[in-house]
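This report goes through one protein model, from the whole chain down to single residues. Please keep the sequence and the structure in view while reading.

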Amino acid sequence: MRIFWKNILAVLLLVGGLYFMSQSNFLIAGRSQKAIANELTWSVERLVSKESWVEQGEYLPLNVSYQLLAGAPSTQQRFLSVGLSSVKRAKGSYLIPTLQSLFSQSSPEERSSMVVVVLLADFDVSWRASTATEIKTAFASELEQGQLLVLHVPQEMYPPYTGLKRNYNDPPERVSFRSKQNLDYSFLILYSASLGQYYLQIEDDVFSAKNFLSTIKRRVAEQEAKKTTWAMLEFSALGFIGKLYKSVHLPLLARFLFLFYQEMPCDWLMGRFRDLMTQKGPILFKPSLFQHMGTFSSFQGKYNKLKDKDFEEHYTNPSAEVYTDMSAYKKHLAQLAWDAGEDFFWGRSPEKGNHLTVVFRDPTLVTGILIETGSGGKDLLESAQVEIGHDVITTEKDKSCKEFQTVGKLKNGLFEIQEMDKKYTSASSCLRIQVTAVQKDWLIITKIRISTKLSTNTPHA
């Protein structure tokens, strides 16, 4: 079955490749483009990787000339290339903050292991020139060290993206926008094929989790150790953000997007590509490493409030010890619900009166609490109340507080409260989850997060 799908994909791409070869005004092989007056640009050819079977035999030609606006490609392949495409927005820009987040959230060692590739995909010459200048000013060091490249692909390289068929009854302008976006990504991905061992696709309006590259490296190692087929690992649940690919697959992926650019949105095509590469289903890691920061979409400046509920930025709870009288399953200890990370507390069937108690190292003025339980709708904590306590007491077995007051109850396995300090004005020493009814199912407490008066931490649902 795997060979069958690979052959089908090859035939489809071959037909598309031959068609676009015939459109000589769209794909110009081996010919540099003339620089537009007053534009900060010169023409270069991408370093071609021959690792993929697609390029080894010159199959499915897709020849593109790129204009390098800033930076210089390294001759040494790095662990990760990070690609993002940006166009002029009707209301502001998030590109510079996105780049700042990528670099500031990475250690010097991590930055030396990656290269960020930015495709300025708008055909407004003045916007490209001013944006390139802004990037050169803000990221001079990264450009000098080969950690950042800024590209453009001339408009004559693009096939038609107006007057296309209206799949899904999308309005014509929406069809044009998403079709061009597919082409942007195709060119960006093709260029990046030789720059890193792996390729990460993000958008130009995201911010990153701390040390995201090290987390990705660890997850890749874990996935490779399983020796199962994978084509795409997901580090965000949103759109085309945080999708990781093997660079050896990029020439094929670029051609796939190019061939079907007018059929459907890019994230839908990604799912189809994943299936054709015989990955059995999505592989999504939590917490997410990238969060959507944009308020206004690049499509006609429309309002966009998408947020990834599984993203935790810089999150650290106050230092505390965690105690429970519930039996933990294997190594899923109570402390893991409190600590930032992907693990959790997994307890056997709770009885009425069981508790999980967090004892703060220092009294803390709590302003918000978020508690999430269950996984995939199972192992929810069905009946429990949340309490804050004062005056720490120590016994032979554990620590707790002398007195508690209830702040609310879990509903459908979830508890969230904000602006607590308006009612509870004194510092607390404990936070307790008290089980109020027996349940047959086991329980999982995936996260306990608090915000405090003196911190900027905000619990994220």
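## The chain as a whole

The model is predicted. Its chain contains 11 helices and 19 strands. Of the 461 residues, 54% count as buried.

Among contacts with a separation of 6 or more, 77% are made by residues 24 or more positions apart.

## Helices H7 and H9

Helix H7 covers residues 172–192 and helix H9 covers residues 250–259; the two pack with their axes 8 Å apart, at an angle of about 165 degrees. Angles over 145 degrees count as roughly antiparallel. H7 and H9 are therefore roughly antiparallel to each other. The crossing in which H7 passes H9 is left-handed.

On the H7 side, the contact is made by Asn182, Leu183, Tyr185, Ser186, Phe187, Ile189, Leu190 and Ser192. On the H9 side, Leu250, Pro251, Leu253, Ala254, Arg255, Leu257 and Phe258 take part. By type, the residues of this contact comprise 11 nonpolar, 3 polar and 1 charged.

Helix H3 is largely enclosed by the rest of the structure, because 7 of its 10 residues are buried. The buried residues in H3 are Leu95, Ile96, Thr98, Leu99, Ser101, Leu102 and Phe103.

Gln105 lies in the loop that runs between helix H3 (95–104) and helix H4 (108–112). Is Gln105 buried or exposed? Its relative accessibility is 5%, so Gln105 counts as buried, the cut-off being under 20%. Gln105 and Ser208 are 103 residues apart in sequence, yet their C-alpha atoms are 6.6 Å apart in space.

## Leu365 between two strands

Leu365 sits in the loop between strand S13 (355–364) and strand S14 (366–373). With a relative accessibility of 22%, Leu365 counts as partly exposed, a class that lies between the cut-offs of 20% and 50%.

Which distance separates the C-alpha atoms of Leu365 and Ser426? These atoms are separated by 6.2 Å, while the two residues are 61 residues apart along the chain.

Technical notes: Residues numbered from 1 in each chain as written. Predicted model: local features only at pLDDT ≥ 70, side-chain atom pairs only at ≥ 80, totals over all residues. Heavy atoms only, no water. Axes fitted to C-alpha atoms, helices over the stretch in contact; angles between N-to-C directions. Helix = DSSP H or I, 4+ residues; strand = E, 2+ residues; numbered from the N terminus. Parallel < 35°, antiparallel > 145°, perpendicular 65-115°, else oblique. Left-handed = near helix turned anticlockwise from the far one by under 90°. Contact = heavy atoms within 4.5 Å. Nonpolar A, V, L, I, M, F, W, Y, C, P; charged D, E, K, R; others polar. Buried < 20%, exposed > 50% of the residue type's maximum accessible area, 1.4 Å probe, protein only.
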